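Dear colleague,

Please find the structure below, handed over for your own work.

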Amino acid sequence: MAHTPETAHLFRNLRLPVIASPMFIVSGPELVIAQCKAGVVGSFPSLNARPASQLDEWLHRITEELAAHDRDHPEAPAAPYAVNQIVHRSNGRLDEDMAVCAKWKVPLTITSLGAREDVYAAAHGWGGIVLHDVIDDRFARKAIEKGADGLIAVATGAGGHAGVQSPFALMQEIRSWFDGLIALSGAIAHGRSILSAQALDADFAYIGSAWIATREANAVEGYKQAIVDGRAADIVNSNLFTGIHGNYLRASIVAAGMDPDNLPEANPSAMNFGSGGDTAAKAWKDIWGSGQGIGAVEAVDTVAERVAMLTAQYRDAVATLATCSAPFLG
């Protein structure tokens, strides 16, 4: 573990080493609050709050409800929450959203699609910590050089804008020079996968798709059930919908009238976050993002139930590992 006294204080209330990834449309106050109350880091993209003025309302609600939970449950205080900022020239709201986050002193900022020193400095100015998501060692080095506190290593199999590298290779290369905080992302939806992330020297597992199939998620019932019904073979990788390669559910592409096995390539310079490029279907709304780990999701549950299940699986995995490794450890 790579916790400093400052980060140890921030994450002291976690009951499982998990950060819930921010998902477009799906992640809202209800989901984040439930995640934090259950003992994992909850998060949402600032762009989910529309219009922009709604971001202030969301942060007010999250802050107040988590504070009330802590007063009522001192034995099980809430985990911290995070706000995801898209650091890309196409995001015209970035400065405005960062100002709102400064007002509420957001404890954890997750940055994507660009490493900017001014964004990191702004978060540090109000006492926050920044994790930047990366898909390879080159981007990891750039983010840390510019002032990010930690990294989210997005390996192959992750939902949405996924990487293509094996988690073994990605973690090995980053850990060869970086001893700070790392969350590992990529097909993690089971307690044994959380333990596996730690075995690769990650501080946290970064979990997304499993939360879609929860009562609190802002997703239509068809999307939630598709996560339950889906398997790794049902995930399609394409850059058609946003200009960046991402992983999506095959069923949603078929429902939009397209052949998931013959999708055209999009122009990466036309990057967008939901217009659907040259298609009528919109990414995230009509074309549903998902990672390859959904075979572990067997039902639509509450967040509390999902965390309890992950915790039980994690504890079983720890016990199994201890038994299996004993003969090799003398």
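A cavity, as used here, is a set of points on a 1 Å grid over the protein atoms alone where a 1.4 Å probe fits but cannot get out, and its lining residues have an atom within 4 Å of a point. Grid points are joined across faces, edges and corners, and a volume is the space filled by probe spheres set on the points. The model is predicted, so to speak of local features pLDDT of at least 70 is needed, side-chain atom pairs count only at pLDDT 80 or more, and totals for chains, interfaces and linings use all residues.

The structure holds one cavity of 30 Å³ or more. The volume of the largest cavity is about 30 Å³, and its lining consists of A189, A296, V297, E298, R306, M309, L310 and Q313. By class, that lining has five nonpolar, one polar and two charged residues. Here Ala, Val, Leu, Ile, Met, Phe, Trp, Tyr, Cys and Pro count as nonpolar, Asp, Glu, Lys and Arg as charged, and the others, Gly among them, as polar.

A pocket, in contrast to a cavity, is an open set of points with protein on both sides within 12 Å along at least five of seven lines. The second largest pocket holds about 460 Å³ of space. Its lining has 21 residues, and those closest to its centre are L10, R12, P80, Y81 and P107. The lining of the second largest pocket divides into 10 nonpolar, six polar and five charged residues. Element names follow DSSP runs numbered from the N terminus, with helices (H or I) of at least four residues and strands (E) of at least two.

**Helix packing**

Axes are lines fitted to C-alpha atoms, for helices over the stretch in contact, and angles run from 0 to 180 degrees between N-to-C directions. Angles under 35 degrees count as roughly parallel, over 145 as roughly antiparallel, 65 to 115 as roughly perpendicular and the rest as oblique. A crossing is right-handed if the near helix is turned clockwise from the far one by less than a right angle, and left-handed if anticlockwise. Contact means heavy atoms within 4.5 Å.

Helix α11 (residues 303–325) and helix α2 (residues 29–38) have axes that come within 9 Å and cross at roughly 40 degrees; α2 and α11 are therefore oblique to each other. The crossing of α2 past α11 is right-handed. On α2 the contact involves L31, A34, Q35 and A38, and on α11 it involves V303, A304 and V307. Six of these residues are nonpolar, one is polar and none is charged.

Helix α8 (residues 191–199) also packs on α11, at an angle of about 60 degrees and with the axes 7 Å apart. The helices α8 and α11 are therefore oblique to each other, and α8 passes α11 in a right-handed crossing. G191, R192, I194, L195 and Q198 of α8 meet L310, Q313, Y314, A317, V318 and L321 of α11. This contact has seven nonpolar, three polar and one charged residues.

For α3 and helix α4 (residues 94–104), the packing angle is about 25 degrees and the axes are 10 Å apart, which makes α3 roughly parallel to α4. Their crossing is right-handed. L55, D56, L59, H60 and T63 of α3 make the contact with D97, V100, C101, K103 and W104 of α4. Its residues divide into five nonpolar, two polar and three charged.

**Backbone**

Two loop positions should be noted. The peptide bond from R50 to P51 is cis, with omega near 5 degrees; P51 is found in the loop between β2 (42–45) and α3. A187 is a residue other than glycine with a positive phi, near 60 degrees, and its place is in the loop between β7 (181–185) and α8.

With kind regards

Conventions: Residues are numbered from 1 along each chain as its sequence is written. Side-chain values use heavy atoms; hydrogens and water are left out.
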